[in-house]
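Subject: Structure for your review

Dear colleague,

Please find below the structure I promised to pass on to you. I would be grateful if you could read the notes that follow with the structure open beside them.

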Amino acid sequence: MLPASKKVVVGLSGGVDSSVAAALLCEQGYDVLGLTLWLMRGKGQCCSEGMVDAAKICEQLGITHQIVDSRDTFEQYIIDYLVAGYEAGITPLPCSQCNKAVKFGPMVAYAKAELGADYIATGHYARITYDEQLQRYQLRRAIDRSKDQTYFLYDLEQDILGATIFPLGDTLKTQTRDIAAGLNLSTADKPESQDLCLVEKHGSMKTFLDKYINERPGEIVDTQGAVLGQHLGIHHYTIGQRRGIGIAAPEPLYVVALDAIKNRVVVGARADGHGLECTVDRVNWVSIPQPATPIRAQVQVRYRAEAVPVSVIPLAAGKVKLVFDEPQFGITPGQAAVWYEDDIVLGGGIIDPIVA
């Protein structure tokens with residue numbers, strides 16, 4: 001625990017998790033301020049509605065609430081990032097990018113420079129400890145593994161981890177709801193957000209992408225190059241996708257590759273969608289220094305995927321190669337690969353594009 005005199009800025013989204021995080025810190029005697037980032041233009045659950053709910057929580061807790069206009073930053077680092085990625089035939093992961101570039105980094109800077117705060121806190125389910133021997137902060141999985149969000153937090157660097165508190169890291173989600181109800185917080189019964197903020201605002205990822213990317217018809221082909229049908233844009237597809245391909249076949253077809261150069265969607269049997277290795281770029285070594293030799297770990301290549309055994313092999317230019325013990329399905333360029341030792345996040349990065 002930090003000294004009770006420390007000032008903490010809590011990022012409030014208007015949801016129950018961040019509300020309880022703020023309430024717990026208030027109960028523990030911290031000097032708490034609420035901060036909400038205004039991310040999107042127009043109406044959206046994570047913005048206009050979320051700001052109102054966050055303001056209500058701050059009023060209820062008797063703390064100051066500030067709103068920071070981050071719409072231009074969100075446009076640059078998330079909207080532009082997503083559009084460029086989908087146009088290039090990859091499936092970007094906006095949440096980890098948003099956490100680093102839009103939320104945690106700017107929040108820490110603003111909290112220290114403008115509010116005189118020592119720390120920020122959020123309602124994420126994760127934990128931070130300090131390794132005296134390595135002299136590094138360690139990012140660890142939450143106690144509630146079903147809600148663990150470290151997969152989206154792997155890109156946070158040491159200075160950010162050292163200035164961040166996760167009050168819910170040792171809390172089960174059911175306990176969070178109970179705490180909110182016990183304190184009569186106005187967000188206690190607020191439903192969980194089910195989708196990305198952009199999806200909630202636009203109705204679907206397809207609707208969002210159609211607003212920014214024009215139709216570009218092309219071919220749907222099998223793994224041998226035979227034309228099976230047509231598509232209206234590769235940005236409507238992702239590796240591992242089965243539904244919505246629109247091709248009749250005796251056996252289920254899956255998207256196994258996206259070829260941006262030829263503007264092709266490649267489909268095949270599920271077995272065709274497995275891979276034994278991949279290259280990972282933009283690597284952040286979180287809890288340990290970058291190793292000089294290969295290490296063994298467990299890796300997740302999707303948020304809901306099980307962590308599987310892997311060899312992590314350092315390459316030049318800060319990249320790594322992952323070699324799985326067994327072939328994995330749906331290794332998706334643009335998504336994150338995050339590797340662990342037990343509950344400790346060792347590192348992570350973005351899976352490199354694979355051209356069919």
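The notes below describe the overall fold and then the aromatic rings.

Please bear in mind that this is a predicted model. The protein chain comprises eight helices and 17 strands. Along the principal axes, its C-alpha atoms fill a box of roughly 65 × 50 × 35 Å. A compact globule of 356 residues would have a radius of gyration near 21 Å, and the value of 21 Å for the protein chain agrees with this. Of the 356 residues, 52% count as buried. The protein chain exposes about 16300 Å², of which carbon and sulfur atoms supply 50%. Among contacts between residues at least 6 apart in sequence, 65% join residues at least 24 apart.

Turning to the aromatic residues, a search of the whole structure finds eight aromatic pairs. One of them joins Y151 and Y303: the ring centres are 6.2 Å apart and the planes stand at 35 degrees, so the pair is tilted. Y151 lies in the loop between β6 (136-141) and α5 (158-161), while Y303 lies in the loop between β13 (295-300) and β14 (308-314); the pair therefore ties together parts that are 152 residues apart in sequence. Y151 counts as buried, at 1% relative accessibility, whereas Y303 is partly exposed, with a relative accessible area of 24%. Together with F152, Y151 and Y303 form one aromatic cluster.

Two arginines also sit over aromatic rings. The charged end of R141 is 3.7 Å from the centre of the Y340 ring, and R270 lies over the face of F329, at 3.8 Å from the ring centre.

Yours sincerely

Technical notes
Residues numbered from 1 in each chain as written. Predicted model: local features only at pLDDT ≥ 70, side-chain atom pairs only at ≥ 80, totals over all residues. Heavy atoms only, no water. Phe/Tyr/Trp six-rings, centres within 6.5 Å; stacked < 30°, edge-to-face > 60°. Helix = DSSP H or I, 4+ residues; strand = E, 2+ residues; numbered from the N terminus. Buried < 20%, exposed > 50% of the residue type's maximum accessible area, 1.4 Å probe, protein only. Lys NZ or Arg CZ within 6 Å of the ring centre and 35° of its normal. Rg over C-alpha atoms; globule rule 2.2 N^0.38 Å. Contact = heavy atoms within 4.5 Å. Areas by Shrake-Rupley, 256 points an atom, 1.4 Å probe, with all protein chains shown as cover.
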